[in-house]
Amino acid sequence: MIRRLVLDVLKPHNPGIVELSNELSELDGVEGVNIVTYEIDQRVENVKIILGGNNINFEEVKKKLESLGAAIHSVDEVAAGTRIVEEVGTPQDKSARL
Amino acid sequence: MKFLDKIKDYIRISRVAPIGRRYFIMNAFDGAMTSLGIVIGAYVAGDPEPLFIISAGLGASLAMGLSGFVGAYVTEEAERSRELDSLERSMLKDLEKSRIGEASRFASLWAGIIDGLSPVLAAIVCLVPFFFSFLFSVALATELSIVIALLVLFMLGAFLGKISSRNMFLHGIKLLCVGLVLTLILLVFRSIG
């Protein structure tokens with residue numbers, strides 16, 4: 001039962017993120033969508049898509065994105081279960097930064 | 001998604017609307033001018049038979065329609081395929097089955113349909129008086145047909161003015177003048193002949 005999904009997606013400029021967010025929000029199990037563009041190229045753009053809901057179907061999301069010409073580069077975060085567990089900092093993160 | 005919504009979606013994604021407008025005006029203009037030429041040409045030649053004018057007008061407009069459809073479809077298809085290939089290279093992905101691919105194929109067909117239908121419609125509208133020539137004389141049908149053709153030209157110009165947010169009347173007059181010039185040239189031929 002996926003509650004949160006964070007995706008790194010490469011997409012053409014058209015359809016834009018307004019339409020993309022509308023299309024994704026209409027999927028079953030999705031309650032909220034947030035899309036941030038972080039890189040724009042001449043023909044394509046990279047966006048971070050954050051989906052929130054009570055039962056997100058990853059395959060449906062993937063199918064919808066592919067039908068719109070977008071490609072999932074990576075799944076950056078997934079939260080599943082009855083409670084959303086947030087990422088926590090650990091000493092290893094600190095040492096990794098050093 | 002409903003059929004009409006899907007068409008609207010494809011038109012928006014493929015951005016074919018401005019191209020469609022251009023094709024429509026260019027070819028409706030051709031259709032109206034051809035009709036005008038046939039009607040006045042027949043009048044200049046002597047006593048025209050309504051059936052002859054209708055046949056010549058429909059024949060010419062159908063030829064224009066078919067050539068318009070094929071020409072626009074083939075050209076647009078080649079351009080759109082090139083664009084899609086370029087996008088596929090950027091995406092490193094096959095987009096043929098995506099909505100962009102579908103919209104791209106639709107855009108070629110849409111451009112062809114508009115390019116094919118617009119001259120036929122414009123020509124038929126201009127020839128309407130001859131379909132009712134059993135009600136009035138051929139001379140009156142000719143005059144009415146000329147007036148309708150000039151009106152169609154004026155409306156096409158006004159439409160151009162509207163989409164360019166300029167003076168609709170002035171743009172209408174511009175295209176009307178082209179029709180008037182053709183009318184005058186052919187009438188001069190008649191007076192010479």
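Angles between elements are taken between N-to-C directions and run from 0 to 180 degrees, with axes fitted to C-alpha atoms. On this basis, in the predicted model, helix α1 (residues 17-25) of chain A runs at about 155° to β2(A) and lies across β2 and β3 of chain A. Helix α2 (residues 58-67) of chain A lies across β1, β3 and β4 of that chain, at about 15° to β1(A).

The strands of chain A form an open sheet of 4 strands in the order β2-β3-β1-β4, with antiparallel pairing. Because β2 (30-40) and β4 (71-80) of chain A stand at the edges and have a single partner strand each, one side of each is left without a neighbour in the sheet. From one strand to the next the twist averages 15°. Strand β1 (residues 2-12) of chain A is joined by 10 bridges to strand β3 (residues 44-56) of chain A, and the two run antiparallel. Within this pair, A:Leu5 has A:Leu51 of β3(A) as its bridge partner. The loop between β1 and α1 of chain A contains A:Pro15, which is joined to A:Asn14 by a cis peptide bond with omega of about 0°.

Chain B has 6 helices and 0 strands, and its pattern along the sequence is α-α-α-α-α-α. The C-alpha trace of chain B spans about 70 × 35 × 35 Å along its principal axes. Of its 193 residues, 39% count as buried. Among contacts in chain B with a separation of 6 or more, 72% are accounted for by residues 24 or more positions apart.

The largest nonpolar core has 45 residues, of which B:Ala32, B:Leu36, B:Val39, B:Cys126, B:Ala149, B:Val152 and B:Leu153 touch the most other members. Two or more residues of this core come from each of α1 (3-14), α2, α3, α4 and α5 of chain B. The most are given by α4(B), with 13 residues. For B:Val39, the contacts beyond neighbours within four places in sequence are B:Ile53, B:Thr142, B:Ser145 and B:Ile146. A second, separate core has 15 residues, including A:Leu5, A:Leu10, A:Leu20 and A:Leu68.

The 26 residues of α5(B) should span 38 Å at 1.5 Å a residue, and the end C-alpha atoms are 37 Å apart, which agrees. Buried residues of α5(B) include B:Ala141, B:Thr142, B:Ser145, B:Ile146, B:Ala149, B:Val152, B:Leu153 and B:Gly157. An α-helix has 3.6 residues a turn, so residues three or four places apart point the same way. The buried residues of α5(B) pack against α2, α3, α4 and α6 of chain B. Helix α6 (residues 168-192) of chain B has 25 residues and reaches 36 Å from its first C-alpha to its last, close to the 36 Å expected at 1.5 Å a residue. In α6(B) the buried residues are B:His171, B:Gly172, B:Leu175 and B:Gly179. These buried residues pack against α2 (17-45) and α5 (138-163) of chain B.

Two residues in loops of chain B have a backbone angle of note. Most residues other than glycine have a negative phi, and most peptide bonds are trans. B:Leu92 is not a glycine, yet its phi is positive, about 55°. The loop between α3 and α4 of chain B holds B:Leu92, which counts as exposed because it has 9 C-beta neighbours inside 10 Å, the limit for an exposed residue being 12 or fewer. B:Ser165, likewise not a glycine, has a positive phi of about 55°. B:Ser165 lies in the loop between α5 and α6 of chain B and is exposed, with 7 other C-beta atoms within 10 Å.

Between the chains, 10 residues of chain B are in contact with 11 residues of chain A. On the side of chain B that touches chain A, α3 (50-91) and α4 (99-131) of chain B each supply at least two residues. The most come from α3(B), with 4 residues. By type, the residues on this side of chain B divide into 5 nonpolar, 3 polar and 2 charged.

Conventions: Residues are numbered from 1 along each chain as its sequence is written. Chains are lettered from A and ligands numbered from 1 in the order in which they are written. This is a predicted model: local features need pLDDT of at least 70, side-chain atom pairs count only at pLDDT 80 or more; totals for chains, interfaces and linings use all residues. Two residues are in contact if their C-beta atoms, placed from the backbone, lie within 7 Å. Ala, Val, Leu, Ile, Met, Phe, Trp, Tyr, Cys and Pro count as nonpolar, Asp, Glu, Lys and Arg as charged, and the others, Gly among them, as polar. The expected span of a helix is 1.5 Å times one less than its number of residues. A residue is buried if 20 or more other C-beta atoms lie within 10 Å of its own, exposed if 12 or fewer, and partly exposed in between; C-beta atoms are placed from the backbone. Two strands pair if DSSP finds at least two bridges between them. A nonpolar core is a set of buried Ala, Val, Leu, Ile, Met, Phe, Trp, Tyr and Cys residues joined through C-beta atoms within 7 Å.
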